[in-house]
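Here is a short briefing to read alongside the sequence and the 3D view. Have a look at the structure, and then let's walk through a few of its local features together.

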Amino acid sequence: MKGLVIKNTGSWYSVKTDEGNLVECKIKGNFRLKGIRSTNPVAVGDRVEIVTNQEGTAFISGIEDRRNYIIRKSQNLSKQSHIIAANVDLAFLVATIAHPQTSTTFIDRFLASAEAYSVPVVIVFNKVDLLQDDEDAMRYLDMMVNLYETVGYRCVRVSAVTGEGLDQLQSMLHDQITLLSGNSGVGKSTIINRLLPGVNLRTAEISEAHDTGMHTTTFSEMLPLPQGGYLIDTPGVKGFGSFDMQPEEIGSYFKEIFHFSKDCRFSNCTHTHEPGCAVIKAVEDHYIALSRYQSYLGMLKDKDENKYREAF
């Protein structure tokens, strides 16, 4: 029997079978993915094969090849990964200028990981209603939008409270599997409530149970859309340590660095110190944003295995 993993609670997986049934499954045996050391070998969005034993318990016995996935370094185990979601058509990276402020480092790391695994990203700047009376914050928002649109990413200004920009998000969801990701507190759950009003009660109940004043997502789940497709709700991410990237590859995951690197004097240029480096010159001439270049340099240093243990 085959199906789609639509929820992962850590120990149990909800699989929607091709016949339309919902089956609660466990992982069969010592399940390992080929070549990937992961804390969650099965992820939301995976196409899987399931079997049942004589007691009627269902087990996931196999995973179909993934066309892509979003992966990051595990929170506690630096040599292992955590797969956020698999087989994604689009990712909404939800960011905020304030309350809380999303760092460019986090944004750049997410974008680079998505580039590495061929996942298109739209940056959703939420809570713009909170910036109306703050000229400095509005200028910073304009600068951020200009930066990432110039690089080549679509940016949408959204207020999940007033509804601004939500129609733009709705227009992108049709028949797509769309991942929502971002730091804790940026308003992912509120956006989902506006895009999918039917899940509002569930979210309110979880908020009250945790007594946090906000929805705290503790597991990943695929929410079916009335227009076809799914919206993937995921727990908030504190940091985004890159995983399984070779230093010589990282530059190609930054669109503008890859563009200018073609003019470097040396084909194996690391863009850190070499003479005739077109990337360094582009940074000096302000064709590449200093923040993006610093994010690139930070990812080059990720080979230090202890670098992200404290950050998560």
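Which residue takes a positive phi in the hairpin of S4 and S5? That residue is Gly56, with a phi near 90°, in a hairpin that has 5 residues between the strands. Please keep in mind that this is a predicted model.

**Strands**
- Strand S4 covers residues 47-52 and strand S5 covers residues 58-63; the two run antiparallel and are joined by 5 bridges.
- Within this pairing, Val48 has Ile63 in S5 as its bridge partner.
- S4 also pairs with strand S1 (residues 2-8), again in the antiparallel sense, over 3 bridges.

**Aromatic rings**
- You will find 4 aromatic pairs in the structure.
- One aromatic cluster is made up of Phe254, Tyr293 and Tyr296.

**Charges over rings**
- Lys255 places its charged end over the ring of Tyr153, at 4.1 Å from the ring centre.
- Arg66 does likewise with Tyr69: its charged end sits over that ring, 5.7 Å from the centre.

**An enclosed helix**
- Helix H4 spans residues 188-195, and because 6 of its 8 residues are buried, it is largely enclosed by the rest of the structure.
- The buried residues of H4 are Lys188, Ser189, Ile191, Ile192, Asn193 and Leu195.

Definitions and conventions
Residues numbered from 1 in each chain as written. Predicted model: local features only at pLDDT ≥ 70, side-chain atom pairs only at ≥ 80, totals over all residues. Heavy atoms only, no water. Pairing = 2+ DSSP bridges. Helix = DSSP H or I, 4+ residues; strand = E, 2+ residues; numbered from the N terminus. Phe/Tyr/Trp six-rings, centres within 6.5 Å; stacked < 30°, edge-to-face > 60°. Lys NZ or Arg CZ within 6 Å of the ring centre and 35° of its normal. Buried < 20%, exposed > 50% of the residue type's maximum accessible area, 1.4 Å probe, protein only.
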